Amino acid sequence: MTAIRLSVYRYQPDRDAESSPAASDAKPSMQTFEVEAQPGMMLREALLAIKEQDETFAFRHSCGEGVCGSDGVNANGTNCLACITPIAELKQPIQVRPLPGRPVIRDLVVDMTQFYEQYRAVEPYLIRKDPLPEQEIRQSPEDRDKLDGLYECILCGCCSTACPSFWWNPEKFHGPAALLQSWRFLADSRDQATEERLDALEGPYKLFRCHSIMNCVEVCPKGLNPTRAIGKIKELMLEQSV
Amino acid sequence: MAAARSLPHRHFDALIIGAGGAGLNAALRLAAADLRVAVVSKVFPTRSHTVAAQGGVNAALANALPDNWHWHMFDTVKGSDYLGDQDAIETMCREAIPTVYELEHAGVPFSRLDNGRIYQRAFGGQSQNFGGEQAARTCAAADRTGHAILHTLYQQNLRAKTHFFDEHFAVDLIRDDEGVTLGALVLDIESGEPLIIESKTTLLATGGHGQVYRTSTNAFINTGDGMAMALRVGGPLQDMEFYQFHPTGVAGKGMLITEAARGEGGYLINSEGESFMERYAPNALDLASRDVVSRSIVTEIREGRGCGPNKDYVLLKVDHLGADVVHQRLPGITDICRVFLGIDPAKAPMPVFPTAHYAMGGIPTDRHARVVAPARHGPEEVVPGLYAAGECACVSVHGANRLGGNSLLDILVFGRAAGTDILSYVTENPHHRSMRDAHLEPAIARLARWERQGEGERVADVKAELRRLMEDHCGVFRDQATMAEGVEKLKALRERIEGVRLRDHSQTFNTARIEALELDNLVDVGMATLMSALHRDESRGAHSRVDYPQRDDERWMKHSLYLREDDRMDYKPVRTKPLTVDSFPPKPRVY
């Protein structure tokens with residue numbers, strides 16, 4: 001058997017001393033595991049193998065193919081989706097930590113409340129003011145193409161939790177994921193709330209805390225580009241103000 | 001474990017369990033009508049498995065080719081191998097058209113045709129003019145249609161201010177002595193605290209149970225929770241033997257390769273390079289119904305024409321379509337191939353094998369999504385206040401075999417129908433019924449059972465065994481001896497659950513406890529599947545008996561009902577009468 005070595009972040013606020021005598025306090029620590037290598041193994045499968053050895057280990061995951069966005073983690077310092085990150089590409093022992101900058105609930109499970117609040121804050125839904133037609137609202141293929149690279153976001157949080165501006169001001173700066181969605185609706189030829197959306201982004205924080213560091217682009221597991229979307233919003237603001 | 005008395009209670013007009021397409025479409029309708037709606041989901045809503053639907057949603061919009069809801073109805077009845085209820089199918093096919101427009105208005109980023117209308121592609125089992133030329137009925141957002149729909153529905157629910165209980169696990173329904181559903185006991189996964197949600201109405205929209213099979217296109221969360229909850233309050237599950245194996249899962253891994261790959265012009269080949277579907281379905285070829293294609297693939301492999309070193313898969317080719325078509329129309333598939341197979345489907349064929357995918361069966365409902373069960377006045381008496389929609393329900397529009405593109409449609413149409421009926425139910429029943437501690441006891445006992453300390457078998461081991469058992473004993477081809485042995489093994493496994501113990505009894509985000517509760521559910525739905533399959537001695541749709549290869553309309557044009565008490569089977573007639581048009585009588589099913 002070829003073994004994969006992982007060093008995994010552990011934190012259990014109410015750790016039951018009886019069931020895990022090895023660590024009865026609630027301080028975070030790194031714990032080393034070895035799991036059997038499988039051909040084509042992804043990081044999620046290695047985490048599942050750890051869970052087989054120790055059922056107290058907690059992490060979120062579901063679809064296993066990179067569409068549900070549950071299993072964002074930080075592996076060897078980089079945010080990624082565990083289910084589509086090949087073990088072969090990671091130097092061992094693989095350091096697996098929760099997404100950075102968010103409060104840890106337990107092990108790799110973080111509190112995403114603020115991330116979701118920022119998403120809600122950009123009013124991420126189509127707003128129409130005209131009466132609705134009986135059939136579809138027409139949209140040319142060219143206009144529809146403008147949504148590619150935007151609507152595919154899976155809200156995994158890899159981008160926003162890799163963003164220093166979001167680390168410092170998670171309550172004020174919308175962060176790359178939410179701003180990508182903001183642009184997704186601004187860019188939609190069917191949306192009729194451009195002015196309100198842009199007005200709502202005014203001020204020094206919500207949009208303008210982005211300093212184009214581009215960590216978001218580096219880590220996005222879907223290959224999306226929030227920095228470019230943020231740039232487009234700024235361009236549109238400029239256009240509308242002259 | 002807290003006593004019933006001390007548990008916190010919340011009160012709502014409607015409780016929706018599950019935040020996939022069915023739950024969210026119902027919620028949207030109710031929140032827009034200013035009802036107090038609670039959506040309980042064991043994951044953040046956009047993680048629900050609707051997100052993984054790829055190819056599209058059927059509606060006879062006639063944007064690409066001539067079409068008509070009545071043709072759609074014919075195809076669905078035929079696809080169901082005549083086991084679908086024709087009143088429900090008529091409802092679904094008619095409602096498909098306004099439903100898709102409504103979704104588009106809500107913001108779904110559908111792909112477009114040059115004239116700006118919604119893009120529609122060909123899918124399996126679709127025809128024009130009642131069995132004629134191939135139709136193009138599947139409305140698509142590239143090959144990420146489920147993702148596009150789920151996110152849009154969630155977004156519109158945010159706008160409507162629906163109340164979400166994210167990461168709350170529904171343990172069991174609560175009913176009073178008259179059998180009226182009063183709500184549910186749920187567990188806040190983060191805190192580990194139980195909570196009682198009292199509601200005038202409850203909608204089960206918990207999705208499928210693909211995790212009961214070892215290799216599945218389904219997500220980890222698809223554990224049949226709602227179906228098992230319905231069983232535990234004494235209700236039946238209908239037509240559980242009809243489980244769809246999708247022809248094209250990634251071989252050995254299970255990720256779904258959408259039927260759109262064949263809809264866009266892809267085809268299957270065996271080790272001899274032969275396009276073998278020509279032999280099995282001379283007209284429809286690779287776009288025959290899913291059950292037909294899955295059986296053809298397994299037959300090719302059994303006869304030694306499989307590909308690869310172990311001759312255990314076939315190949316799906318789309319490389320002749322050109323990189324433009326593949327990358328633009330199938331970007332999600334391109335990603336899956338790159339990540340999991342290390343190939344570009346525009347250049348190399350994909351190894352595929354039929355993979356557990358979708359439950360045609362489920363909680364029996366009428367076309368208003370009201371749960372029905374045999375009672376004093378017949379086999380379809382409405383269970384007051386309880387609804388089911390989506391994959392966990394059986395309305396039954398899919399009968400013995402579901403057509404691609406009808407699943408997203410089913411969840412949307414009947415999710416919405418549930419919302420509509422709940423509105424009128426709440427108007428007629430404006431007050432909460434009283435809930436007594438005794439009503440809570442069964443649900444609390446279920447939670448308490450997993451609190452037992454000590455040594456015992458592990459959840460993970462029993463679950464792995466269950467999934468292997470179902471794969472070995474209830475797969476694509478079935479026979480009496482294999483299934484009877486499966487039932488005996490599963491009964492033994494069910495007994496062992498009593499001796500399974502959790503090691504982890506912590507409160508905060510204890511996923512081991514959730515997996516234990518899910519195991520209970522998987523065992524119950526697994527038994528429903530195997531028992532129903534064992535008793536149906538004919539072949540129809542996805543239920544293919546080697547020992548009874550023919551469809552037997554004389555004896556078996558009826559729905560199976562499985563009841564948990566004594567593992568009892570019951571049956572009820574198929575509703576062959578549509579609402580306004582003539583019935584489609586059973587015919588030999590050829591593609």
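Contact here means heavy atoms within 4.5 Å. By that criterion, 61 residues of chain B are in contact with 60 residues of chain A. This is a predicted model, in which local features need pLDDT of at least 70 and side-chain atom pairs count only at pLDDT 80 or more, while totals for chains, interfaces and linings use all residues. Residues are numbered from 1 along each chain as its sequence is written, and side-chain values use heavy atoms, with hydrogens and water left out.

**Interface of chain B and chain A**
- The two chains bury about 5000 Å² between them, 50% of it from carbon and sulfur atoms; buried area is the accessible area (1.4 Å probe) that two parts lose on being put together, summed over both.
- B:Arg47, B:His105 and B:Gln155 supply 14% of the area that chain B buries against chain A, more than any other three residues.
- Six salt bridges (a side-chain nitrogen of Lys or Arg within 4 Å of a carboxyl oxygen of Asp or Glu) are found across this interface.
- A:Arg106 forms a salt bridge with B:Asp504, with the closest N and O atoms 2.8 Å apart.

**Domain 1 and domain 3 of chain B**
- An automatic or database assignment divides chain B into domain 1 (9-242 + 360-439), domain 2 (247-354) and domain 3 (440-542).
- In chain B, 46 residues of domain 1 are in contact with 38 residues of domain 3.
- Domain 1 and domain 3 of chain B bury about 3700 Å² between them, and carbon and sulfur atoms account for 60% of it.
- Five salt bridges are counted between domain 1 and domain 3 of chain B.
- B:Glu471 forms a salt bridge with B:Arg214, with the closest N and O atoms 2.9 Å apart.

Terms used: Chains are lettered from A and ligands numbered from 1 in the order in which they are written.
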